Structure formats: C-alpha cells, structure tokens
Amino acid sequence: MSVSSSDGAGRGVLYTVGAFVCWGLFPLYWKPLHSVPALQILCHRIVWSALFVALVLSALRQWGDLREALRRPRQLGVFALSSSVLSLNWLIYIWAVNAGHVVEASLGYFINPLVNVLLGRLFLGERLSRPQRLAVALAAAGVAWLTLSAGALPWIALSLAATFGLYGLLRKMAPLPSLPGLALETFLMSPLALAALLWFAWRGDGAFGHLGWQGDLLLVGAGVVTAVPLLMFAAGARRLKLATVGVIQYIGPSIQLALGVLLYGEPFGLDRALGFALIWAALLLYSAVGLRGLWRGRRSPASV
C-alpha cells in the first residue's frame with residue numbers, strides 16, 4: 001500500500017470517527033431545547049441547514065451537480081421522497097431525546113445496519129450470507145425480548161432504524177454527491193419548513209425570539225450541526241472500505257447510550273440489558289463478517 005493511500009485512509013478514519021462522535025453527542029445539543037416543540041426544532045433545522053449548505057455550495061462552486069439533478073424529474077421525485085423520510089427520522093429523534101428516550105433512540109441506530117441488510121435483500125435482491133441471516137435473527141430476538149419485557153413495541157427504535165434505512169435505500173436509487181444531495185433535500189423541504197415557522201410566529205407559538213440569545217443561537221446553529229457531520233462522513237467514507245465504516249458507525253449509538261444512562265438517568269435494568277445484549281451479539285457477528293472481508297481484501301495482491 002502506498003504512503004499516500006495510507007495517509008488518505010488515516011484522514012478517512014479521522015473524518016468518519018469525527019462524524020459519528022458528533023452524532024453521538026447530539027442529545028447534548030437538543031436537550032437544552034426541550035421546551036421547544038420537536039416540529040419547530042425540525043423546521044429550524046431544515047431552514048438553517050438549507051442556508052448553510054447554500055453558502056458552502058457557493059464557496060466550493062459545486063452548484064453544477066444540483067442543476068443537473070433539477071433537470072431530471074425522476075431524480076427529483078426520489079429526492080422529494082428521501083427528504084420526507086429523512087425529515088421524519090429527524091423529527092422522531094428530536095422528540096425522543098427531549099422526551100427522555102435517548103436509550104431507545106440509540107437502540108434504533110444499533111439496529112440500523114441490520115435493517116439495511118434486510119432492505120437490500122427485499123428491494124435490491126442482495127443475497128444474505130449465513131452469518132448475516134443469523135445476525136438478523138439474533139437482532140429480531142432482541143427486539144422481541146424488549147417488546148415482551150416492556151409490554152410494548154420499541155417503536156422509537158424501530159421507526160428510527162426503518163426511516164434511516166429507507167433513506168439510504170432511496171439515496172442508492174438516485175445517487176448524488178453528499179453536499180449537493182443534502183442541499184437538494186433541504187431545498188425541497190425548506191419552503192414547507194419556512195411556511196410552518198411563519199405560521200407558528202403568526203399564531204404566537206413561535207419559539208424563536210423568545211428563548212434568549214442562547215436558545216435562538218442553538219436554533220440557528222442547528223443548520224451547522226446538521227450539515228458538518230454529514231460532510232465529514234462523506235469525506236471519510238470516500239477514503240475507507242464499507243466494512244471499516246460499518247465498525248466505526250457504532251461509536252454514535254454507544255455514546256448516545258452512555259449519555260442516556262449515565263447523564264440523563266434513563267432506566268437500563270436487566271431486562272433491557274438482555275435485549276441489548278442479543279442485538280450487540282448480532283452486531284458483533286455482522287461486523288466480524290465485514291472485517292473478515294476487509295482483511296482478505298488487504299491480503300489480496302489487488303489491494304497492495
């Protein structure tokens with residue numbers, strides 16, 4: 001392996017780890033806004049993200065890909081759907097964090113890789129290896145145990161995993177580089193989000209301008225904290241194998257879980273621990289398959 005490619009992989013790891021650390025720390029950002037309805041936070045997140053990515057697009061002169069996408073009705077339709085699914089994911093996550101369900105939200109992102117495997121099988125015809133089938137079965141057993149022990153389906157976790165998995169599937173159907181893709185998604189949703197914020201303000205329910213400068217700054221900064229980890233992730237993922245990214249991605253929900261239990265005092269008794277243990281066993285199996293493929297790729301002559 002050449003020195004330059006090694007340096008590129010090193011930067012890729014730093015970018016990717018940075019992205020997942022940011023996502024893992026998200027509860028610390030949204031919790032101070034717990035008095036603001038989740039829908040309003042979402043609308044601010046969309047509007048300020050659109051403004052921020054427009055500035056970045058202008059600075060990097062990357063409007064070309066976006067203009068090309070606007071000329072393709074099918075791609076526009078797919079992105080309209082993907083932006084809706086992503087917005088729903090953001091809404092559920094923000095509500096979950098501020099309603100005291102950080103632990104269950106973290107579970108959603110632990111499950112997500114296995115949901116991706118299932119969606120690939122159902123919609124893309126991808127075949128599952130025997131270890132992958134076993135991993136999915138273990139995760140399903142973990143969800144079933146959590147449902148039985150709590151007496152209710154862990155709908156927050158399943159909704160987050162399903163919406164983010166569906167979002168990834170839709171982005172595969174209409175590929176576009178990360179920055180123009182995020183720009184298109186936020187531009188498609190921002191008129192609705194801006195209209196909703198104006199309506200909230202007209203009704204007298206708008207939070208902006210009534211939170212003090214710290215709260216208003218957090219709402220405005222939602223655009224930056226949304227876009228920056230996505231751009232870091234895109235920069236890292238381009239430099240790394242998917243198997244490597246697949247292992248690093250567990251940093252995010254692990255941090256969220258620790259915050260939920262240690263900082264916010266959410267319950268994590270034996271019943272919940274057993275359900276998580278089954279899902280962690282599934283993820284270890286899933287990651288081992290990816291790492292084995294990565295190791296074989298490094299040992300092959302083509303990877304030198």
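Q249 is located in the loop that joins α11 (242-248) to α12 (251-263). The model described here is predicted. Because its relative accessible area is 18%, under the 20% limit, Q249 counts as buried. Beyond its neighbours within four places in sequence, Q249 makes contact with F20, P113 and Y286.

## Helix α8

Helix α8 comprises residues 155-173, 19 residues in total. From its first C-alpha to its last it reaches 27 Å, close to the 27 Å expected at 1.5 Å a residue.

Buried positions in α8 include I156, A157, L160 and A161. Further along the helix, T163, G165, Y167, L169, L170 and R171 are buried as well. Among the elements that cover these buried residues are α5 (73-98), α6 (102-123) and α9 (178-203).

## Packing of α3 against α10

Two packed helices are described by the angle between their axes and the distance between the axes. For helix α3 (residues 38-60) and helix α10 (residues 212-237), the axes come within 7 Å and cross at roughly 65°. The crossing of α3 past α10 is right-handed.

On the α3 side, the contact is formed by I41, H44, R45, W48, S49, F52 and V53. The α10 side contributes L219, V220, A222, G223, V224, T226, A227 and V228. Sorted by class, this contact consists of 10 nonpolar, 4 polar and 1 charged residues.

## V56 in helix α3

V56 is also part of helix α3. Its relative accessibility is 18%, and V56 is therefore classed as buried. The C-alpha atom of V56 lies 8.5 Å from that of L179, although the two residues are 123 residues apart along the chain.

In soluble globular proteins, nonpolar side chains tend to be buried together. The largest nonpolar core in this model has 28 residues, and I46, V53 and L184 have the most contacts inside it. At least two residues of this core come from each of α3, α4 (63-70), α5, α8 and α9. The greatest contribution is that of α9, with 9 residues.

L184 touches L66, A69, L70, L76, F79 and L176, when residues up to four places away in sequence are not counted.

How values were computed: Residues are numbered from 1 along each chain as its sequence is written. This is a predicted model: local features need pLDDT of at least 70, side-chain atom pairs count only at pLDDT 80 or more; totals for chains, interfaces and linings use all residues. Side-chain values use heavy atoms; hydrogens and water are left out. Helices (H or I, at least four residues) and strands (E, at least two) are DSSP runs, numbered from the N terminus. The expected span of a helix is 1.5 Å times one less than its number of residues. Buried means under 20% relative accessible area, exposed over 50%, partly exposed in between (1.4 Å probe, protein chains only). Contact means heavy atoms within 4.5 Å. Axes are lines fitted to C-alpha atoms, for helices over the stretch in contact, and angles run from 0 to 180 degrees between N-to-C directions. A crossing is left-handed if the near helix is turned anticlockwise from the far one by less than a right angle, and right-handed if clockwise. Ala, Val, Leu, Ile, Met, Phe, Trp, Tyr, Cys and Pro count as nonpolar, Asp, Glu, Lys and Arg as charged, and the others, Gly among them, as polar. A nonpolar core is a set of buried Ala, Val, Leu, Ile, Met, Phe, Trp, Tyr and Cys residues joined through side-chain atoms within 4.5 Å.
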